[in-house]
Amino acid sequence: MILYRLICVEGHEFESWFKDSAAYDAQSARGAVACPFCQSAKVSKAVMAPNILRGDRLSQSSGGSDVALLDEQHAALRAMIRELREKIVTATEDVGDKFPDEARRIQDGESQARAIRGRASFEEAKALLEEGIEILPIPGLLGDGN
Ligand SMILES: [Zn+2]
């Protein structure tokens, strides 16, 4: 279904649902779309309303203040990011805020070489990269609590 905002020759604006744009075109062509105020069949599309209802579900991100409508491609991408995060979390040791220090110690051979994860500010991460320490930002998820 598609919602069109329509306007008649008298300037009356109204909204009407159509099966699709072709259905609107067909009904409009045979004068079947009439203004509810003055019954004029001389109507045309005003600015199209952005709410196109799909036949299938509309998914929303869970929780958080950021709400996004996701199409299937984005939902798949989101699942991939979640999977990647889980793999990283499983394979690394969480050193929290000590991440930049610990990364340097590992690089300098002062700490046992291992995969770690933690938090670093943008500036800290930039500094580590400039020192030749290979780090990888973990993609975040909206409403993930992280
Ligand atoms: Zn009218």
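1. The open sheet. Three strands form an open sheet, and their order is S2-S1-S3 with antiparallel pairing. Two strands count as paired if DSSP finds at least two bridges between them. Strand S2 (13-18) and strand S3 (43-45) are the edge strands, each pairing on one side only. From one strand to the next the twist averages 40°; axes here are lines fitted to C-alpha atoms, for helices over the stretch in contact, and angles run from 0 to 180 degrees between N-to-C directions. Strands of a sheet pair through backbone hydrogen bonds, either parallel or antiparallel.

2. Basis of the note. The structure is a predicted model, in which local features need pLDDT of at least 70 and side-chain atom pairs count only at pLDDT 80 or more, while totals for chains, interfaces and linings use all residues. Residues are numbered from 1 along each chain as its sequence is written.

3. Pairing within the sheet. S1 and S2 run antiparallel and are joined by six bridges. Ile2 stands opposite Phe18 in S2. The two strands S1 and S2 form a hairpin with four residues between them, and Gly11 in the turn has a positive phi of about 90°. Strand S1 (residues 2-8) also pairs with S3 in the antiparallel sense, over three bridges. Ile7 has Ser44 as its bridge partner in S3. In a regular strand the side chains alternate between the two faces of the sheet.

4. Overall make-up. The chain has four helices and seven strands. Helices (H or I, at least four residues) and strands (E, at least two) are DSSP runs, numbered from the N terminus. Read from the N terminus on, the elements follow the pattern β-β-α-β-β-β-α-β-α-β-α. Of the 146 residues of the chain, 7% count as buried. A residue is buried if 20 or more other C-beta atoms lie within 10 Å of its own, exposed if 12 or fewer, and partly exposed in between, with C-beta atoms placed from the backbone. Of the contacts between residues at least 6 apart in sequence, 47% join residues at least 24 apart. Two residues are in contact if their C-beta atoms, placed from the backbone, lie within 7 Å.

5. The nonpolar core. Which residues make up the largest nonpolar core? The core consists of seven residues: Tyr4, Leu6, Cys8, Tyr24, Val33, Cys35 and Val43. A nonpolar core is a set of buried Ala, Val, Leu, Ile, Met, Phe, Trp, Tyr and Cys residues joined through C-beta atoms within 7 Å. S1 supplies the largest share of this core, three residues. Leaving aside residues up to four places away in sequence, Tyr24 touches Tyr4 and Phe18.

6. The loop between H1 and S3. Cys38 is placed in the loop between helix H1 (21-29) and S3. Is Cys38 buried or exposed? Cys38 is exposed, because 12 other C-beta atoms lie within 10 Å. Cys38 touches Cys8, Glu10 and His12, not counting residues up to four places away in sequence. Cys38 and His12 are 26 residues apart in sequence and 8.2 Å apart in space, C-alpha to C-alpha. Gln39 lies in the loop between H1 and S3 as well. Gln39 is exposed, with 8 other C-beta atoms within 10 Å. The phi of Gln39 is near 65°, a positive value in a residue other than glycine.

7. Helix H2. Helix H2 (residues 72-91) has 20 residues and reaches 29 Å from its first C-alpha to its last, close to the 28 Å expected at 1.5 Å a residue. The expected span is 1.5 Å times one less than the number of residues in the helix. Of the 20 residues of H2, the number buried is zero, so H2 lies largely in the open. Ile81 lies in helix H2. Ile81 is partly exposed, with 15 other C-beta atoms within 10 Å. Ile81 and Ile138 are 57 residues apart in sequence and 8.9 Å apart in space, C-alpha to C-alpha.

8. S6, helix H3 (residues 99-107) and S7 make a right-handed β-α-β unit. A crossover is right-handed if, with the strands pointing away from the viewer, the path from the first strand over the helix to the second runs clockwise. Strand S6 (residues 93-96) and strand S7 (residues 116-118) pair in the parallel sense over three bridges. Glu93 has Ile116 as its bridge partner in S7. Of the nine residues of helix H4 (residues 122-130), the number buried is zero, so H4 lies largely in the open. Just after H4, Gly132 takes a positive phi of about 85°.
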